[in-house]
Amino acid sequence: MLSLQATLRYFRDNQPDAPFLGRLDSFIKEVQEGIHGVNYKIGAPKIIPKLKEDKASDTKINICRPIASFGLKDKIILSIVNRYLTGVLDPYFIDNSFAFRSKRMIKEKLMCPTHHEPVEEILAYRKRFEEGSLYVAECDMKKFFDTVSHTLIKKIFAQFFSRKGMESYPQQDLGDAKRILYDYLDSYTFNKSVLPLNKKQAHFDRFYIPKGEYAWVGKELVANGYYKRLSSAKIGIPQGGALSGLIANAVLHGIDRKITALQDGKLLYLRFCDDMLIIHPQQQKCQQAFQQYLLGLNSKKLVVHNPVETPYATPKKFWSEKSKSCYKWGNETGMGSPWIGFVGYEVHYQGHIRVRKSSLLKEMKKQFRVVGDLKQILRDPNCRSGKGSIYESVASRLIGMSVGRVALWNYKQIPNEMCWVSGYKLLTDNKYSRIQLKRLDSSRNRLLLKLRLMVGKMGNNDESTAKSGSRISEPIYHGFPFSYYYQALKDKKEHDV
């Protein structure tokens, strides 16, 4: 951003007639007119299928998520309006809703909450109740973004805009923001923008996805009595759209308030978008809050993964489900568990933290995908890059995505940013996390070794390739300074479990 601003200042001072400045100023004016002009409409987004699995299958149906991609101008307008409305509405939301929030003071820093903060809340809560077991309930919604009602959204935002204190905001600004919010809703519905694409395999073929399909919970919506006819309902908001996170917080805010009204000094309620966690020392209180939450979702015509109840499920089924009725968290056997999972982490009742199994497998699959993409490049007869250069590129990419831009001269001091390790900075040094991190290191090293052997077997008479290929025979060090294990735990105190 600073570089762009410096470039603009230089050209405005020294070459004010540069053609790109005219185009930029014209585009900025179009954005301003789009926000403040009553005739501008948000266009329908392009729908892009995103595989839920890491790789498409040729033999079975490939379930996809519909990612909405708006045009550049619309994307900028929606981002500006989202920032404005988030600032207006954020003070009304409860503190323990952590996703898509404005900046607030966290550990003496002004920052937006992340997925780390709810886990720290769990740890602090656990310390308050170190003795004995606690009771936990988890809930995850089915297709929240695809099923939320437009009528409900408009009703809820109308209630927010009519609240006391809204008159202090410029009415023109609020009016423009509301208009664009409602344009955003009108630009998309799941049942009309996405569902018909299931009958058009050509749509999925453009993205190299055979037998593609967008999953749908229409039967549940009808069975629950939410709608008589889905064809006429306006439901679903764009996944990937700038305003969708704010809409989620606004829709679920009423439920948040109902649960916090049950606060007796011992209840912990956490929500991160459509994921929810309730903890209480008493099973009855935990169950009461959980039932209130489910009733709230039902009143808003939302579908949940059916909560698994302790007496009626095998342990394997119980822990594989996304929603769970009240169970014990502590040193328990059977349906109790020493671990609870939330936002990619798993927290032990003794305070240890490890990576959630699904998150660990996702990172390993990403390693395979990166190496697999480069293997395809190596097999391309038209590839002009040297084999050694491609190998080093893969190694750098794997290291960058895992621990950041680390080098031998700075690995002790450099902060891990925009990488896997930065997403799990709360990991503690315990036997569970050590095993997981070493497993990631081992997986990456094996992939690099296989790629190295593959490159070494490929001959090429090209001089540049010969030079770069010679580097393959030289040792390339990717040891502990570049490892998940070292970088994730380098600032942690050593201790044995």
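At 21% relative accessibility, Phe11 counts as partly exposed, because the buried class ends at under 20%. The model is a predicted one. Phe11 sits in helix 1, which covers residues 2-14. Beyond its neighbours within four places in sequence, Phe11 contacts Pro16, Ala18, Phe20 and Leu21. Take Leu21: ten residues separate it from Phe11 in sequence, and the two C-alpha atoms are 8.0 Å apart.

Next comes helix 3, residues 72-89. Its 18 residues reach 26 Å from first C-alpha to last, close to the 26 Å expected at 1.5 Å a residue. Its buried residues are Asp74, Ile77, Leu78, Val81, Asn82, Leu85, Thr86, Val88 and Leu89. Seen down the helix axis, these fall within an arc of 160 degrees, so they line one face of helix 3. An α-helix has 3.6 residues a turn, so residues three or four places apart point the same way. The face turned away from the buried side carries the exposed residues Leu72 and Arg83. What covers the buried residues of helix 3? The cover includes helix 2 (19-36), helix 6 (150-161), helix 7 (171-186) and helix 11 (244-260).

Helix 4 spans residues 116-128. Its 13 residues should span 18 Å at 1.5 Å a residue, and its end C-alpha atoms are 19 Å apart, which agrees. Buried here are His116, Glu117, Pro118, Val119, Ile122, Tyr125 and Arg126. Look at Glu117. Glu117 is buried yet has no salt bridge. Its nearest side chain of opposite charge, Lys425, is 5.5 Å away, and a salt bridge needs nitrogen and oxygen within 4 Å. A polar atom of the Glu117 side chain does lie 2.6 Å from the backbone nitrogen of Thr114. Not counting residues up to four places away in sequence, Glu117 touches Phe98, Ile106 and Met111.

Elsewhere, charges do pair. The count comes to 14 salt bridges. One joins Asp183 and Lys41, at 3.4 Å from N to O. Asp183 lies in helix 7 and Lys41 in the loop between helix 2 and strand 1, so the pair ties together parts 142 residues apart in sequence. Asp183 is buried at 7% relative accessibility, whereas Lys41 is exposed at 57%.

Another salt bridge links Lys324 and Glu138, also at 3.4 Å from N to O. Lys324 belongs to strand 10 and Glu138 to strand 5, so this pair ties together parts 186 residues apart in sequence. Both residues are buried. Salt bridges that share partners join Glu138, Lys324 and Arg356 into one network. Finally, Arg434 and Asp429 meet in a salt bridge at 2.7 Å. Arg434 and Asp429 are both buried.

Definitions and conventions
Residues numbered from 1 in each chain as written. Predicted model: local features only at pLDDT ≥ 70, side-chain atom pairs only at ≥ 80, totals over all residues. Heavy atoms only, no water. Helix = DSSP H or I, 4+ residues; strand = E, 2+ residues; numbered from the N terminus. Expected span 1.5 Å × (residues − 1). Buried < 20%, exposed > 50% of the residue type's maximum accessible area, 1.4 Å probe, protein only. Arc of directions from axis to C-beta. Contact = heavy atoms within 4.5 Å. Lys, Arg positive; Asp, Glu negative; His and termini not counted. Polar contact = N/O pair within 3.5 Å; in protein donor to acceptor, adjacent residues only side chain to side chain.
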